[in-house]
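Please prepare a short report on the protein shown below.

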Amino acid sequence: MPILTVILSTAPDAAVSFSVAATLSRLTEEILHKDPQLTAIAISHIDPMHWFIGGASLAAQKKTSFFLDIRITDETNTAAEKAHYIDAVFREIEALLGQLHHASYVHVHDVRAAAYGFGGLTQQHRAVAARLHSPVPV
């Protein structure tokens, strides 16, 4: 049930947004094992004239960039899975947008289950309820 907030240094384009969302949804399912039916993705676009790295705009540098902020429930993924995810996101977004500036970021937030949820229920509540309804090991 992650939520992904994405900022792209491109002009608004529905086709680009769709491709980025589809790519991120797939990677989030394959690498982080998150249910795509519960994965929310919000995408914003910023003109590269208004995105600066090292004091120069991306437009002047003739590069693109992105920032992905993803929230997942704490302790549901290993450090290796998160590292693999960050690498795969960078490579696949670069394939979609063109030459990325190396200062393109992915931030994986490990959020406490008691402080995170959807549909009015915390992830902690869902985990406890699932344990109560599963068979008790002998």
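Is Glu75 buried or exposed? Glu75 counts as exposed, at 73% relative accessibility; exposed stands for over 50% relative accessible area, buried for under 20% and partly exposed for values in between, with a 1.4 Å probe and protein chains only. This is a predicted model, in which local features need pLDDT of at least 70, side-chain atom pairs count only at pLDDT 80 or more, and totals for chains, interfaces and linings use all residues. Residues are numbered from 1 along each chain as its sequence is written, and side-chain values use heavy atoms, with hydrogens and water left out.

**Overall fold**

The protein has four helices and eight strands. Helices (H or I, at least four residues) and strands (E, at least two) are DSSP runs, numbered from the N terminus. Their order along the sequence is β-α-β-β-β-α-β-α-β-β-β-α. The C-alpha trace spans about 65 × 30 × 25 Å along its principal axes.

Of the 138 residues in the protein, 34% are buried. Contact is taken as heavy atoms within 4.5 Å. Among contacts between residues at least 6 apart in sequence, 74% join residues at least 24 apart.

The accessible surface comes to about 8100 Å², and carbon and sulfur atoms account for 59% of this surface. Accessible areas come from the Shrake-Rupley method with a 1.4 Å probe, and for residues only the protein chains shown count as cover. The protein carries 10 positive and 13 negative charges, whose mean positions are 4 Å apart. Lys and Arg count as positive and Asp and Glu as negative, while His and the chain ends are not counted. Each charge is placed at NZ of Lys, CZ of Arg, CG of Asp or CD of Glu.

**Rings**

One aromatic pair is present in the structure. Phe66 and Phe90 form this pair, which is tilted, with 6.4 Å from centre to centre and 50° between the planes. Because Phe66 belongs to strand E5 (residues 66-73) and Phe90 to helix H3 (residues 79-97), the pair ties together parts that are 24 residues apart in sequence. Rings of Phe, Tyr and Trp (its six-membered ring) pair if their centres lie within 6.5 Å; planes under 30 degrees apart count as stacked, over 60 as edge-to-face and the rest as tilted. Phe66 is buried, at 2% relative accessible area, and Phe90 is partly exposed, at 24%.

A charge is also found over a ring: Arg126 lies over the face of Phe118, at 3.7 Å from the ring centre. The criterion is that NZ of Lys or CZ of Arg is within 6 Å of the ring centre and within 35 degrees of the ring normal.

**Positive phi**

Most residues other than glycine have a negative phi. His33 has a positive phi of about 65° although it is not a glycine. This residue is in the loop between helix H1 (14-32) and strand E2 (40-45), and His33 counts as exposed at 54% relative accessibility. Glu75, also not a glycine, has a positive phi near 70° and is placed in the loop between E5 and H3.

**Selected residues**

| Residue | Relative accessible area | Class |
|---|---|---|
| Lys82 | 16% | buried |
| His101 | 8% | buried |
| Thr23 | 11% | buried |
| Glu94 | 29% | partly exposed |

The contacts that follow leave aside neighbours within four places in sequence. Lys82, in helix H3, is in contact with Leu32, Ile72, Asn77, Val108 and Asp110. Glu94 also lies in helix H3, and Glu94 is in contact with Gln99 and Leu100.

His101 lies in the loop between H3 and strand E6 (105-111). His101 and Lys62 are 39 residues apart in sequence and 9.1 Å apart in space, C-alpha to C-alpha. Thr23, in helix H1, touches Glu92 and Leu96.
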